[in-house]
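These are my notes on the model, point by point, with the cut-offs given where each term comes up.

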Amino acid sequence: MTVAQPSAVEIGLMAGRAGYVLRANDRGAFTVASPTLYPHMWSWDAGFVALGIATVSVPRALNELRSLLSGQWATGMIPHILFHSPSDYFPGPERWRTQVAAARPAGVLTSGICQPPIHVIALSRILHDARRKGGADQELAEEFVRETFDSWLAWHSYLATARDPYSYGLVEIHHGWESGMDDSPRWDAAYANVRVGDMPPFVRADLAHVADPSQRPTDAEYATYLWLLEQKVHARYDDAVYRATGDFVMGDVLVSALLAAASDLLADMGEELGIGGGASGGVEQSRAIARRFRTGVLRSVNPETGLARDLDLRTGTWLDVESAAGFAPLLCGGDDALTRRQRDLLLGPRWCGHSRLRWPVVPSVSPASPAFREQTYWRGPQWPVLNWLMAWALNRSGEQEAANQLRLAGLSQLVDCDFAEYYQPVTGETLGSRDQSWTAAIALDFLAARRPAQRRPVRWLTSELPRITPTQRAADLAARPPRTRGPATTPEMPRIP
Ligand code: 2M8
C-alpha cells in the first residue's frame, strides 16, 4: 500500500503542535493523560509521555517518572492512576477506597490495580537521549537511574512474584484495565463468566466526553469492570486473597513480554552504571525475571497462527484471539525464526497490510478476525502507541526496514495533528479523546527518529520522506469523512476524601 507522506511543512507543524499538546496537558510535576476524558496521571501513559518529552527536555521527562514513583505501593506495585486533584473522572478515589490497603502510599491517592510495565523501556530511551546530549542532561539521567534502580526493580519483582506465584512466566492480571486494553476481545470469554453482584450504583462520566457511545465500552462491560473493582476492595487489595476469591485472573502475554524486555533493559543499565551488582544483586534478579517471562511468552505461542495467547488461569484455557497482544514475542524476542514470522504476519494482509485499512499501521484486532469492530475502542481501532511499540520492537530486533515502515505510516496517520486517543482503521477518522498526551508523545519520538549511530534532526527526516503531488494530497483529504467532536462540558468538582 502506498502511503502519502507528510510534507516538510506538515512535519514542522506536527512537531510544534505535539509539543504544544504536552505543554497544555502539563500540570507541573505530571502530565494528565488527556485534558477532559482522563484528567489524571495514568501509569503506562506516563511512560510514553516521558519518552516523548525527553526529545525536548530530559529533566522534565525524568520528573514525570519521579512523579509516577511517588505513587508506588509498599508491595512495589505502580498503580494505574495517580489522582492529584478532584475531577469528574469515574471511577475516582471514592470508588477505589484504597484506604483499606495496608500497602498504599502516603500523600497521594491512587487506584488499586496496575498497568503494563513500559516505564523502564522509556527510561532507557531517556538515558540514551541524555547521553547523546551529554553534559548536565547525561549526569542527571545517570543519577536518576542510580537513585531509582531499586524502585524499578521492586516494581518488576512485584509482578514476578505477587503476580506469578507459581512461576508460569506469565504475569497475572486481575482486571481487564490492567492489560491497558480494557474491552479487548482477549477478555470476552473470561468476562462472559463474571456474574455482577451487589455493588453501589454508578453513573458513567466517560460518555460525556465522546461524540458517540459506540466508541466506548458498553454499560454491561462497565458494570463488570466495577464489579471486579469491588472484589479487589473486598480482598483489601491483597493479591493472594483476590486470586482465591476474584472472578478475573488472566496470564497476560503483552504485560509479560514488556516485563521481560524492561527487565533486560534494567539489567543493562545496572551493568553500565555499575549498580545492582553481585550474585544476588538487582542485575542478576532482572536477568532472571527477563528469562522467565520470555520463556512464558514463547511457550504461549499457537504454532498454527504464530500468535502468542493469554491464559485464563481460572480455567487453564488458552485464549486464541487475533489481537495485537499476539505479537508479544516481537517485544521480548528470544526466537529469531518466530520474530521473522511475526514481522511478516504483522506487515501482511491480516494485519497492517489489510486492504480495508486507511493507514497501514497496527490495528488493535486483525480486520480479518470475526471479533473486529471498526470503531469500538480496543476491538479494532488503531492506537498509535501500539504501533510505536511494534516499531520499537522491530528496530530492536534488527528489523529496521519494517520498523521504519510502521514509523512513517504512523506519522502520516497523525498528520491532522488531532493526536487522538485512537483511530477508525477503515476511514482514518479520529476517535475518543483529542489531544491525548501519549499520542503527541510518540509523534515526537517518531519525528526524532533515533538511529543507532546518532539522533537525526527533524530536517533530515523530511528529506527521507517522498514528496507527494498536490493532486494526490487533495484526493486523500477529500476521501476522509468529516470529523465529529464531543460536547464541551464543565464538570462538577467532587470531593476527594
Ligand atoms: C483507558 O483506560 C481507562 C481505565 O484505566 C478508561 O477507559 O477509563 C485505556 O485505553 C488505558 O490503556 C489508558 O491507559 C487510559 C488512559 O489513556 O485509558
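1. Three strands make up an open sheet in the order β1-β2-β3, and their pairing is antiparallel. Its edge strands, β1 (41-42) and β3 (109-110), each pair on one side only. Strand β2 (residues 81-83) runs antiparallel to β3 and is joined to it by 2 bridges, with F83 having L109 as its bridge partner in β3. Strands pair here if DSSP finds at least two bridges between them; helices (H or I, at least four residues) and strands (E, at least two) are DSSP runs, numbered from the N terminus.

2. This is a predicted model, in which local features need pLDDT of at least 70 and side-chain atom pairs count only at pLDDT 80 or more, while totals for chains, interfaces and linings use all residues. Residues are numbered from 1 along each chain as its sequence is written, and side-chain values use heavy atoms, with hydrogens and water left out.

3. The chain has 18 helices and 9 strands. Of its 497 residues, 61% count as buried, where buried means under 20% relative accessible area, exposed over 50% and partly exposed in between (1.4 Å probe, protein chains only). Among contacts in the chain with a separation of 6 or more, 72% come from residues 24 or more positions apart; contact means heavy atoms within 4.5 Å.

4. A second open sheet has 4 strands in the order β4-β5-β6-β7, again with antiparallel pairing. The edge strands are β4 and β7 (317-319), each pairing on one side only. On average, neighbouring strands of this sheet are turned by 35° against each other, direction ignored. Helix α10 (residues 253-273) packs on the sheet and touches β4, β5 and β6 (310-312), its direction making about 45° with that of β5. Axes are lines fitted to C-alpha atoms, for helices over the stretch in contact, and angles run from 0 to 180 degrees between N-to-C directions. Between β4 and strand β5 (residues 250-252) there are 3 bridges in the antiparallel sense, and I173 stands opposite M250 in β5.

5. What holds the nonpolar interior? The largest nonpolar core has 148 residues, of which F48 and W152 touch the most other members. Helix α10 supplies the largest share of this core, 13 residues. Such a core is a set of buried Ala, Val, Leu, Ile, Met, Phe, Trp, Tyr and Cys residues joined through side-chain atoms within 4.5 Å. Beyond its neighbours within four places in sequence, F48 is in contact with I118, V385, W388, L389, W438, A441 and I442. In soluble globular proteins, nonpolar side chains tend to be buried together.

6. M390, in helix α14 (residues 384-396), is buried at a relative accessible area of 0%. Outside the four places on either side in sequence, M390 is in contact with A324, F327, L330, L346, V362 and L406. The C-alpha atoms of M390 and L331 are separated by 7.1 Å, although the two residues are 59 residues apart along the chain.

7. The structure holds 23 aromatic pairs. Y38 and W42 are an edge-to-face pair because their ring centres are 5.2 Å apart and their planes at 75°. Y38 is buried at 8% relative accessibility, and W42 is buried at 7%. W96 and W177 form a tilted pair, 6.2 Å centre to centre with 50° between the planes. W96 lies in helix α4 (residues 93-96) and W177 in the loop between β4 (171-173) and α7 (188-192), so the pair ties together parts that are 81 residues apart in sequence. Both W96 and W177 are buried. Rings of Phe, Tyr and Trp (its six-membered ring) pair if their centres lie within 6.5 Å; planes under 30 degrees apart count as stacked, over 60 as edge-to-face and the rest as tilted.

8. F90 and P91 are joined by a cis peptide bond, with omega about 0°, and P91 is in the loop between β2 and α4. S167, not a glycine, has a positive phi of about 55° and is partly exposed at 45% relative accessibility. Y377 also has a positive phi, near 45°, but Y377 is buried at 3%. Most residues other than glycine have a negative phi, and most peptide bonds are trans.
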